[in-house]
Amino acid sequence: MKKLFTIIAIACLTLISCSGNGPEGVAKSFLSHTNKGEMAEAKKYCDEKTASILGMAESMLTPERIEVMKKKNVKIDIVSSEVKDETAKVTYQLTSEGEKSDEKTLDLKKVDGDWKVTMNKEGM
């Protein structure tokens, strides 16, 4: 019985640590939405400053451009992540139409206990 409890506890911890609320899950959700032109959804995964930047980008997107973005099948691969206290750096690579991008990084920070993408205008 004790062994069964230990196995269940380990399984639960593994599921919790792999959930979408960690820096890697948040980064992947943010990137997925921005690559589809879904800026309103992407704003849920970033801090206020980044949401403001996304608002500016959103205002420049035409409905036609959003349709093109949605049709592209962009695959997001998380290469690595490094967490240090209340900040994290997630390295990722995008694949679209068979071509891989260079590795890029996304900065995250904890805001009210939740991981949020944070960037400045230069980071866009």
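Okay, so when I say buried, I mean under 20% relative accessible area, with exposed being over 50% and partly exposed in between, using a 1.4 Å probe and protein chains only. Helices here are DSSP runs of H or I with at least four residues, strands are E runs of at least two, and both are numbered from the N terminus.

Quick caveats: this is a predicted model, where local features need pLDDT of at least 70, side-chain atom pairs count only at pLDDT 80 or more, and totals for chains, interfaces and linings use all residues. Residues are numbered from 1 along each chain as its sequence is written, and side-chain values use heavy atoms, leaving out hydrogens and water.

The chain has five helices and five strands, running α-α-α-α-α-β-β-β-β-β from the N terminus.

My pick today is β2, residues 87-96. Seven of its ten residues are buried, so β2 is largely enclosed by the rest of the structure. Over the chain, buried residues are 28% of the 124.

Now, who does β2 pair with? Pairing means DSSP finds at least two bridges between two strands. Strand β1, residues 74-84, runs antiparallel to β2 with ten bridges, and E82 sits opposite K89 there. The β1-β2 hairpin has two residues between the strands, with D85 at a positive phi near 55°. Then β4, residues 104-111, pairs antiparallel with β2 over six bridges.

Let's zoom in on T91. T91 lies in β2, opposite T105 of β4, and is buried at 13% relative accessible area. Beyond four places in sequence, T91 touches (heavy atoms within 4.5 Å) residues including V79, K104 and T105.
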